Amino acid sequence: MTFIATLILAFGMSMDAFAAALGKGATLHRPNFKEALRTGVIFGAIEMITPLIGWAIGLAASRYIMAWDHWVAFGLLSVLGARMMMEGFRQTTEEPCEAPQRHGFMVLALTAVATSLDALAVGVGLAFLQVNIVLTALTIGAATTVMATTGVMVGRFMGPLLGKWAEVLGGVVLICIGSTILIQHLALFR
């Protein structure tokens, strides 16, 4: 696989992380670059590790992983999205409160895991090719770090425009990402 093909793969794999980070950035109170980078690094590290895990699993369990990864991603993203929507709706009916300064590590890590399950399946597929898996995983992680960091910073400017509805929209985005993963998988195997 050429370096250009690896870059295209890396940025393609980071698009769902960008969308999720956009929603995360919109729900924070004016996140600074340090918080955006923190989010990007968490997403990037997890997105880098998952293809390595998938590659290591290789042929032995490839059918099992590919049979369930889309359902796990859909479930995690739907639960996280529904939780965000409930929080957003609760905030719209209550007295306005200050948006959080940052998201907890576990919330970011779970979101990153849910958006990187496709990288796990890609890693399994890469086990069949002659690729430098370490370079490929590092490229995927770096691209995801850049895209997620950018997503939070873009979300920073969208948050004030959306007001109290930013968290609801962020939840909708997560559910849409999960649904897209599920629909694409089901359409692929018809």
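**Contacts, helices and core**

Mentor: Leaving aside residues up to four places away in sequence, T39 touches L108 and V152. Keep in mind that this is a predicted model.

Trainee: Where is the place of T39?

Mentor: T39 sits in helix α3.

Trainee: Is T39 buried or exposed?

Mentor: T39 is buried: its relative accessible area is 1%, and the cut-off for buried is under 20%.

Trainee: Back to L108. How many residues apart along the chain are T39 and L108?

Mentor: They are 69 residues apart along the chain, and their C-alpha atoms are separated by 6.9 Å.

Trainee: What about R38, which helix does that lie in?

Mentor: R38 lies in α3. R38 has a relative accessible area of 19% and is buried, given a limit of under 20%.

Trainee: And what does R38 touch, not counting residues up to four places away in sequence?

Mentor: R38 touches R102, H103, G104, F105 and L108. L108 is also a contact of T39.

Trainee: Changing topic. At what angle do α2 and α5 pack?

Mentor: The angle is about 155°, and the two axes are 9 Å apart. Angles over 145 degrees count as roughly antiparallel, so α2 and α5 are roughly antiparallel to each other.

Trainee: Is the crossing of α2 and α5 left-handed or right-handed?

Mentor: α2 passes α5 in a right-handed crossing.

Trainee: Which residues meet there, α2 against α5?

Mentor: From α2, D16, A17, A20 and K24; from α5, V107, L108, T111, T115 and D118. By class, that contact has 4 nonpolar, 2 polar and 3 charged residues.

Trainee: You listed A20. What does A20 touch, not counting residues up to four places away in sequence?

Mentor: A20 touches F43, T111, T115, L174 and I177 on that count.

Trainee: Now the core. How many residues does the largest nonpolar core have?

Mentor: It has 22 residues, and those with the most contacts inside it are A20, F43, I46, L77, L174, I177 and I181. The elements that give two or more residues to this core are α2 (15-27), α3 (33-57), α4 (62-93), α5 (105-126), α6 (133-162) and α7 (166-188).

Trainee: Which element gives the most to this core?

Mentor: α5 does, with 5 residues.

Conventions. Residues are numbered from 1 along each chain as its sequence is written. This is a predicted model: local features need pLDDT of at least 70, side-chain atom pairs count only at pLDDT 80 or more; totals for chains, interfaces and linings use all residues. Side-chain values use heavy atoms; hydrogens and water are left out. A nonpolar core is a set of buried Ala, Val, Leu, Ile, Met, Phe, Trp, Tyr and Cys residues joined through side-chain atoms within 4.5 Å. Buried means under 20% relative accessible area, exposed over 50%, partly exposed in between (1.4 Å probe, protein chains only). Helices (H or I, at least four residues) and strands (E, at least two) are DSSP runs, numbered from the N terminus. Contact means heavy atoms within 4.5 Å. Axes are lines fitted to C-alpha atoms, for helices over the stretch in contact, and angles run from 0 to 180 degrees between N-to-C directions. Angles under 35 degrees count as roughly parallel, over 145 as roughly antiparallel, 65 to 115 as roughly perpendicular and the rest as oblique. A crossing is left-handed if the near helix is turned anticlockwise from the far one by less than a right angle, and right-handed if clockwise. Ala, Val, Leu, Ile, Met, Phe, Trp, Tyr, Cys and Pro count as nonpolar, Asp, Glu, Lys and Arg as charged, and the others, Gly among them, as polar.
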